[in-house]
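Colleague: Hi! Could you walk me through this one? I'm still new to reading structures.

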Amino acid sequence: MNVVGRLETADAVVDWQTRGFLQPEGSVAAGEFAATGRSLFDGSFTWPIMVARRSALDHNIATLAGFARDRGLVLAPHGKTTMAPSLFQAQLDAGAWGISAATASQVLVYRRVGVPRVLLANEIFDEGALRWLAGELERFEFLCFVDSVEGVRLLDKHAGAVPFRVLVELGHQGGRTGCRGLPELLKVAEAARQARGVELAGVACYEGTQPGAEEVRAFLREFVDAAKAVAPLVEGRMVVSAGGSAWFDLVAEELAPLARADSGPGALVILRSGAYVAHDEGFYRERTPYNRSGSEVAGAVLEGELHAALEVWAQVLSVPEPGLALVGMGKRDVPYDLDMPFVHAVRPGGPAALVEPVPDDAPDGVPGGIGMRVEKVQDQHAYLSIAPEVRLRPGDLVSFGISHPCTAFDKWRVIPVVDDDYVVIDLIKTYF
C-alpha cells in the first residue's frame, strides 16, 4: 500500500448551510449523522439531493485498481473529478500510486490533507504557487508537466533545495497542451535536463482529445516513440503517463511494454483515469472500454463493467399541462454540459414503495424512463416530457442518473453515501 498514514480531513458537519439536509437547528458531525441509519426518505433531507451508492463506488475503485495492477501499470486517479479526500483514501487503499491534479489550488488541497504523491497533469506558471511548492518538495513527492522552454526556466527560477521533477508533455495539432511534435519535445527535454532546479523524469500525454480509436492508437504509438527518444536523457527510472477514462484500454496495450524491460526496472507507467470512480449513465457509459464495441477497437473487449454511482433525487413540483411535468432540479444541482439527466425511478408521494419504470432493455439502449425524458434544465427547474400513459403527480420523487461526473461532484459540498436500500451509511465532503 502506498499511502503514508491516513489523509487528514476535517469531518464534514451537517447544519443549516448544508444543501439537501434538513438540519434547521444545531449541527451534527458526519460520523454521528451516518451512524444513525437514516433513510433517504425519512424526512432528514430536502429536495433535490445527490447521493452516491457505496456498492458502485467500491466496485469501480476495485475494478480499475485490478486493471492497472494486472497490466503492470500504476494508477494516479485524477482527483479533479471528485475533490473528495475520502474517495482519494479509498483509491490509495486499493493501491493507487498517488493522485493527479489539474491546478495549483487542487495541489494545495491534496497537500493539506496529506496525499503522499501528486502528479500535476498540467503546465504551471503561477509564480506564487511555485514559491510555495518549492518549500514543500522535501515533504511529499511531486511531478508536473512542461511543454515549453519558458516553463522550464520558470520552474528553475523558483526551485528550492529539491528540484522540480517534470514530465515533458507531447500534444497534437488541435489538441490541448503539449509539444507539437518530437523535435519540440526533445528541445524542451534537453532544457529540463540542463536546468539545475529541474529534474527530467519522463514524458506524458493525454489521448482523450483524439476523435476515435484509430487516432488514439496512432497518437499513443507516436508517444511511445517519443518516450524512447527521451529515455537516454533521463537519469534513474523513467516515468511515462497517459490515460483518461475513455481509452485506458488502448493506453495499457500501447504503453505496458514500456513497463517491461529485458534488464533492470522498466518505466513507471502511470494511468490517470479519474471519472471511472463514479462512472455515469451517459458519456462514459457509452465510451468506457467495458461497453465499447469490439469492432471499434482493434483489441480484445474488456471483461467486467463499471457501475454508475451517482443519482439525483428531485420532487415533481407541477404538472401544469398534458405531457409536461416540472421537477425541482436545476443547473446548480445536476450536470447538463454533455447530456440531460436520465430518469431512473419514481417514488410516488407519501409512503409508497419505490417504483422502477426503467427496464434493462430500454428502447434503443438509451438510458431514461419509459415515457419520460428531461428536455431542458433551467436554474431551478427541469422540464420533463411525459407520455400520456405516465401518471406523475406533484410531490412524487424522481431519481435521475447523470452524464459526466466531473461536473456533478462540484455542485455538492456534502454528498450522502447510501447502501442499496437507500440507508445513509457515510457522507462525502468535497473541496472545490
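Modeller: Happy to! Let's start with a term: two strands pair if DSSP finds at least two bridges between them. Helices (H or I, at least four residues) and strands (E, at least two) are DSSP runs, numbered from the N terminus. This is a predicted model, where local features need pLDDT of at least 70, side-chain atom pairs count only at pLDDT 80 or more, and totals for chains, interfaces and linings use all residues. Residues are numbered from 1 along each chain as its sequence is written, and side-chain values use heavy atoms, with hydrogens and water left out.

Colleague: Thanks! So which residue does Gly202 stand opposite in β10?

Modeller: That is Val239. Strands β9 and β10 (residues 239-242) run parallel, joined by three bridges. Between them the chain passes through helix α8 (residues 213-230), in a right-handed β-α-β crossover.

Colleague: What does right-handed mean for a crossover?

Modeller: Point the strands away from you: the path from the first strand over the helix to the second then runs clockwise.

Colleague: And how many bridges join β8 to β9?

Modeller: Seven, and β8 (residues 164-170) runs parallel to β9.

Colleague: Is β9 mostly covered or uncovered?

Modeller: Mostly covered: in β9 (residues 198-205), seven of the eight residues are buried. Buried means under 20% relative accessible area, exposed over 50%, and partly exposed in between, using a 1.4 Å probe and protein chains only.

Colleague: New topic: why is helix α4 largely enclosed?

Modeller: Because seven of its ten residues (the helix spans 104-113) are buried, the rest of the structure largely encloses α4. Among those buried residues are Val107, Tyr110 and Arg111. They pack against several elements, including α3 (85-93) and β7 (141-146); contact here means heavy atoms within 4.5 Å. After α4 comes Gly114, with a positive phi near 95°.

Colleague: How many salt bridges does a search of the whole structure find?

Modeller: It finds 19. Each is a side-chain nitrogen of Lys or Arg within 4 Å of a carboxyl oxygen of Asp or Glu. In one of them, Glu141 pairs with Arg165, with the closest N and O atoms 3.5 Å apart. Glu141 is in strand β7 and Arg165 in strand β8, 24 residues apart, so to speak linking distant parts of the chain.

Colleague: Is Glu141 buried or partly exposed?

Modeller: Glu141 counts as partly exposed, at 29% relative accessibility.
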